[in-house]
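Here are some questions and answers for a reader new to protein structures. Have a look at the sequence and the model before going on.

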Amino acid sequence: YGLIDVHNISLAISIYHILKMRSVVGISLLLLIQPVVSLAFVLAPLQRWSLKGELLKACEAKDTSKILKLAEELKPLNPTTDIRDSFNRLEGDWKLDFTTAPAQEVPEEGNGVNTYQTIEEGIIYNIINRPDRKLKIAVGAEPTRVDRVALDFRTIEASQDSFPKHVTIRFPPRNFFRFVAKAQCFLSGEAYDETKFKELAYFDLLFLDDDLRIQRN
């Protein structure tokens with residue numbers, strides 16, 4: 001499975017699958033201790049498993065309408081109810097399976113082009129490898145709501161065979177933009193909202209388990 005990025009027509013939906021699987025434990029114990037509750041506990045994973053299988057086939061077939069429909073059906077079955085408590089679940093290497101983002105934003109795989117995403121210690125690295133050059137975009141990530149992750153763009157690193165071999169572009173520090181935002185609020189007489197400031201860029205998690213991520217940007 002993978003990552004689905006959902007641009008909600010005006011926004012974008014993306015679907016990613018994890019490249020490194022993680023284990024799940026503790027199911028048998030819960031079934032023995034709470035047999036009544038465990039029925040729902042069993043049915044939800046089975047339903048998720050079935051829908052995820054359909055989603056994988058829809059992604060392979062590039063059936064956009066079915067993908068968006070299945071993404072919405074998976075949303076209420078999201079096992080990650082509060083990303084603030086499960087932020088480390090995002091960590092790992094993710095492969096993009098589908099996105100409604102414009103083609104110019106996400107290079108198409110093939111002809112030597114390889115893309116993936118690595119998340120570690122609160123930093124999202126978007127990697128784009130081409131035969132003659134490589135691009136690495138670092139974005140800070142911070143959970144701000146039960147289903148929202150705020151983004152903070154850090155650096156863009158470009159490597160290529162020709163001169164210059166390596167170039168790093170650093171975005172201004174967040175404190176600079178915070179100062180500007182506070183100044184604007186002061187001049188307009190509005191109260192400064194730190195959460196609103198952090199969420200100038202963000203994505204909402206529609207679904208996240210050990211091998212599938214669906215998000216809306």
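**Questions on a predicted model**

Q: At 10% relative accessibility, does Cys59 count as buried or exposed?
A: Buried means under 20% relative accessible area, exposed over 50%, and partly exposed in between, with a 1.4 Å probe and protein chains only. Cys59 has a relative accessibility of 10%, so Cys59 counts as buried.

The model is predicted: local features need pLDDT of at least 70, side-chain atom pairs count only at pLDDT 80 or more, and totals for chains, interfaces and linings use all residues. Residues are numbered from 1 along each chain as its sequence is written, and side-chain values use heavy atoms, with hydrogens and water left out.

Q: How many disulfides does the count come to?
A: A disulfide is a covalent bond between the sulfur atoms of two cysteines. The rule used here asks for a pair of cysteine sulfur atoms within 2.5 Å. By this rule the count is zero.

Q: How many strands are there in the chain?
A: Helices (H or I, at least four residues) and strands (E, at least two) are DSSP runs, numbered from the N terminus. The chain has five helices, and its strands number 10.

Q: Which strand gives the most to the lining of the largest pocket?
A: On a 1 Å grid over the protein atoms alone, a pocket is an open set of points with protein on both sides within 12 Å along at least five of seven lines, and lining residues have an atom within 4 Å of a point. Of the 27 residues that line the largest pocket, the closest to its centre include Tyr16 and Asn126. With four residues, the strand that gives the most to this lining is strand 5 (residues 123-129).

Q: Where is Pro164?
A: The peptide bond from Phe163 to Pro164 is cis, with omega near -5 degrees. Most peptide bonds are trans. The place of Pro164 is the loop between strand 7 (148-160) and strand 8 (166-170).

Q: Is Lys62 buried or exposed?
A: Lys62 lies in the loop between helix 2 (35-61) and helix 3 (64-74). Its phi is near 55 degrees, a positive value in a residue other than glycine. The relative accessible area of Lys62 is 68%, so Lys62 is exposed.

Q: What is the phi of Glu121, which is not a glycine?
A: Glu121 is found in the loop between strand 4 (114-120) and strand 5. At 74% relative accessibility, Glu121 counts as exposed. The phi of Glu121 is positive, at about 50 degrees.

Note on methods. 1 Å grid on protein atoms, 1.4 Å probe; cavity = no way out; pocket = protein on both sides within 12 Å on 5 of 7 lines; lining within 4 Å.
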